[in-house]
Amino acid sequence: MAAGMCSLLLLSLLLLCIVGSCKLCHASWNKNYCYDDELCPGAVDHDTRGGPVAGKLNVHLVPHTHDDVGWLKTVDQYYVGSNNSIQVAAVQYVLDSVILALQEDPNRKFIYVEQAFFQRWWREQSKHKRKIVKRLVKAGQLEFINGGWCMHDEASTHYVDMVDQTTLGHRYIKKQFNTVPRIGWQIDPFGHSAIQAYLLGAEVGFDAVFFARADYQDIAKRRIDRTMEFVWQGSRTLGSTAQILGGVLSHHYTPPDGFRFDIQSREPPIQEHVDLFVKLAVEQGKEFRTNHIMWTMGDDFAYENANTWFKQIDKLIHYVNKDGRVNAFYSTPSIYVDANHAQNVSWPLKIDDFFPYADCPHCYWTGYFTSRPALKRYVRQLSAYLQVARQLEFLIGKGKVGLTTDSLEEAMAILQHHDGVSGTEKQHVADDYAKRLALGAAEAEELVGSVLPILLSSKLEARHRKESSSEIKIVPSVSSSYRSQSLQEVSYFSVNTETLLKVQQCSLLNISYCPPTEADIVSGKSLVVVAYNSLGWAREELIRIPVTNSILEVKDSKGNIVSSQLIPISSGAKKVRNIYISDGSQNKHPIFWLAFHASVPPFGYNSYFVTTSMANIPNQASKSVVEKLNTNDTVVLKSHDLTLSLSRSNGQLMHFENRRTKTNASIQQSYCWYNASDGNTSEGKYQASGAYIFRPNTSTCFPVGDPDSYAPSTIIRGTLVDEIHQEISPWIFQVVRLVKTSEHVEVEFVVGPIPIDDELGKELVTRLYTNISNVGEFYTDSNGRDFLKRVRNYRSDWNLNVTEPIAGNYYPVNLGIYLKDNEKEFSLLVDRALGGSSLIDGELEVMLHRRLLHDDGRGVAEALNESICISNGEPCQGLMVQGQLCVNIDPVGNAARWRRTQGQKIYSPLQLAFTVIPETDHSTVITPEFSSVIAGYELPPNIVIITLQELDDNNLLLRFAHIYEANEDAELSEVATINLENLFAHRKIDKVSELSLSANQLRSKMNTLKWKLESGFQMVENPVRGAPIQDGQFSIEIAPMEIRTLRIKFKNDE
């Protein structure tokens, strides 16, 4: 009976539709049962046309998806959609669905960011689908925003890596679509750097940069003051010449509540939301300066079913505009920025950066500055190695040995993601990241191992600076040339297969593991040590290799004896090696470091020959004098210029004196740990310390060990270097090192496994104390480049309410941290990204390692408790971390030169390779010393090359960076001039073009928008810039803090 009644009712309604009563049908049945388009048109034709309307509040609706390049799932899992028990996300279906939805309505728009995903998707598409996508891009429906390989982090990244990953993404976009991104879109990183504003923003050619995360106190004030958007001058040196519009998104990067339209949405019908839309839009409009506001219509991995978003947004636009109180339309950030620019209003000025970031009173996101320190070091190490591999790849010709640096380039680009090098991913994702790096490094290492033998085995006659010839002359060692499938038509080089050397490298030298140097150097054989220098300066540095022989001598390539020293390997280094190396070598591990000074030309290498020697002859490596410290006398270590005083009872630092600069200061060092909060507190309840957030339970830093009860330290004295070996505790080992030719102290540490038997998470720091009075001020670098002044318990943009006096004063450190008074500067340089601060006057502290037992509630759902599990059945244990700090005290005005030069050497260490040859026959090493620049030339001391990369079109991408800020050094903060022809001893330049920073457009064609500042804001007066390159000109000027990007075309070889 009920079924019959329903059928009758349905028939009646259908008859009503047929006779034209569609209004009743639509109201009752939501337009589902009208089939005749003329009698009953069906669905309402939603009008999605639109654009800015003068005199109205304009709401720019920006559809987008935020696709993490790894976080809770690996990159592959996110792309294909696997492992959905963790998170339902499949990027390939997002892109499939969006492209289909955009074709349905020409008014719809969408923005996309992460090229790591898009390029993978693009390679899978048919020619027909690619044509459709190109048409959508050309029509402005699909716009690439930001455009890097990922959305990089801004705290733990080095500026070179940020530039590289952005360039990689922009290169593909330019090649495939002939377009350049205009807008920076850093919506999810956890704080924002000055480098992002002026370098990865203005210098890239962006008109604006938008982000979602700023300190909760900062945002509250900006909403009131209507300063959510501003002119951002990130560089005090470049000032208004590198400024950009910055903007904080009003609703994070999602729509306001009530307007999220994903597949699981339970929002009521759009018609019922018009009043709420208008209310929220008007409220937001009060926080901004023009009649334009932006709503980000998307979320993490949104639009997997794009119609659930687009159909609702279609209706939203239709009914809001029909209401008429505000104007809504599909838009992109580019359209939004152009609309704001057209208003010709004045904007407030923002300088410096947006660190540290907190999203609640006890929630400072400063823990990730240090999270996963081993991964951070791996990334930094491979960043330097990539530069070496690219330089050698260029020398031999890209692809000529069947290998490229592309794999490592892509892996490094992925790791710059804001949940990559930041250390804020799940453990299985971190493992996947490390695997990607290892695979990329393996191919690059094979490439380096293929090129170096060619150079070593070829007779290279480089021209002198004054000679007219423009090429290196290659004289084959024998009449026959080496040609094979693995070495096809190698430019400039001909070698004989019989003389080609086998070169090995040691990526684990940091833990004293290097099989080629540990093998017995038998009589009649020479171990050849090849040191490659990727910097444009000649260098003389102490290098160390692990050896088992104790009777050795070292000679240079001319047969001269090189002074050398045998140094016992510390107990901490042995412990790390024994745990992490499982090749059966534990019982025959090396007993010494062999140390000697290497002199290496710019962009080249030098070779040293290690052989066994006769016992007790003057030429052999000197053995260090070893003694235990167990009295109360002071220990004094001396270099040519430094005197370092230490306590004989515990080996602690006491006094630092530089005799050359007549600088001295008291200095002490300690290790301590903060007890990580488990969230069980009366204030900020449930907020624990985790991968993102640093929240100590108390301001107390608990000392590790009692200095009076330290294990007896060991002093090592020698001809080249002195060391103090210390065991601070069973899980902290340290070597204080003073090289005789150095003006700084090296502190090498081994920390871990951090004990958690007491069920307390720990955040380990080292503190160094001096008698320098810095009155609360200290300086940290911005992504390894500019140094920014920090003031304890202070923010320049708002009155800080201090709720976390420790975590709230932590800042990211990539290059170094220093403090100063009127006379002295105390500097500390790091070998990876870490967090640091100055919590009391005269003190610097850096966090070295973290081991936590609770999650901080920011999405990872996993405690940061890194462990390793040995395959022999032993229980898993916490991660050990090895690293190095460099410490110096200099007069005010002198310290910048040390920081910049030594910091560059830390970033770009000498890369070592090894081979074995007959001791009496060095003829196989035909070219033991080589430089790719004209003989006798090197770059000025204020200039480095950060990119030397052969592109697929055989052109060279070359970037110069000036490493000094304005007024940082009396002599080196000046414009430098480079003659490009001096850099290429083997090639003749045909044409030079200057490009944008990301190399996707000519610098001369960049035409970024200019923004008017509010009155009262002081501009940097007359910032200095290098002159533009003229046609046919092969010299270039580089001003302080400038990076200049060139594309160089060479003349064809005759």
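The largest share of the lining of the largest cavity, five residues, is contributed by helix α18. The structure is a predicted model, in which local features require pLDDT of at least 70 and side-chain atom pairs count only at pLDDT 80 or more, whereas totals for chains, interfaces and linings use all residues. Residues are numbered from 1 along each chain as its sequence is written, and side-chain values use heavy atoms, with hydrogens and water left out. Helices (H or I, at least four residues) and strands (E, at least two) are DSSP runs, numbered from the N terminus.

Across the whole structure, 16 cavities of 30 Å³ or more were found. A cavity is here a set of points, on a 1 Å grid over the protein atoms alone, where a 1.4 Å probe fits but cannot get out, and lining residues have an atom within 4 Å of a point. Grid points are joined across faces, edges and corners, and a volume is the space filled by probe spheres set on the points. The largest cavity holds about 170 Å³ of space. It is lined by 15 residues, of which His158, Gly784, Leu815, Gly903 and Gln904 are the closest to its centre. Two elements, α7 and α18 (895-907), each give two or more residues to this lining. By class, the lining comprises seven nonpolar, five polar and three charged residues; Ala, Val, Leu, Ile, Met, Phe, Trp, Tyr, Cys and Pro count as nonpolar, Asp, Glu, Lys and Arg as charged, and the others, Gly among them, as polar.

The second largest cavity has a volume of about 80 Å³. Its lining consists of Gln391, Phe394, Leu395, Tyr532, Phe603, Ser932, Ile945, Leu948, Leu983, Phe984 and His986. Elements giving two or more of these residues are α13 (373-396) and β47 (943-950), and α13 provides the largest share, three residues. In the lining of the second largest cavity, eight residues are nonpolar, three are polar and none is charged.

Helix α7, which contributes to the lining of the largest cavity, also packs against another helix. The axes of α5 (residues 115-123) and α7 (residues 159-177) come within 10 Å and cross at roughly 35°; axes are lines fitted to C-alpha atoms, for helices over the stretch in contact, and angles run from 0 to 180 degrees between N-to-C directions. The crossing of α5 with α7 is left-handed, a term used when the near helix is turned anticlockwise from the far one by less than a right angle. On the α5 side, Gln115, Phe118, Gln119 and Trp122 meet Gly169, Tyr172, Ile173, Gln176 and Phe177 of α7, contact being defined as heavy atoms within 4.5 Å. Five of the residues in the contact of α5 with α7 are nonpolar, four are polar and none is charged.

Strands of a sheet pair through backbone hydrogen bonds, either parallel or antiparallel. Two strands are taken as paired if DSSP finds at least two bridges between them. Three bridges connect β4 to β5 (residues 208-211) in the parallel sense, with Ile183 opposite Ala208 in β5.

Strands β20 (residues 564-568) and β21 (residues 592-600) run antiparallel and are joined by five bridges; Leu566 stands opposite Leu594 in β21.

Backbone geometry was also examined. A cis peptide bond with omega of about -10° joins Phe355 and Pro356, and Pro356 is found in the loop between β12 and α13. Gly752 and Pro753 are likewise joined by a cis peptide bond, with omega of about -10°; Pro753 lies in the loop between β33 (745-751) and β34 (762-770). Asn83, although not a glycine, has a positive phi of about 55° and is placed in the loop between α3 (75-80) and α4 (91-104).

Conventions:
1 Å grid on protein atoms, 1.4 Å probe; cavity = no way out; pocket = protein on both sides within 12 Å on 5 of 7 lines; lining within 4 Å.
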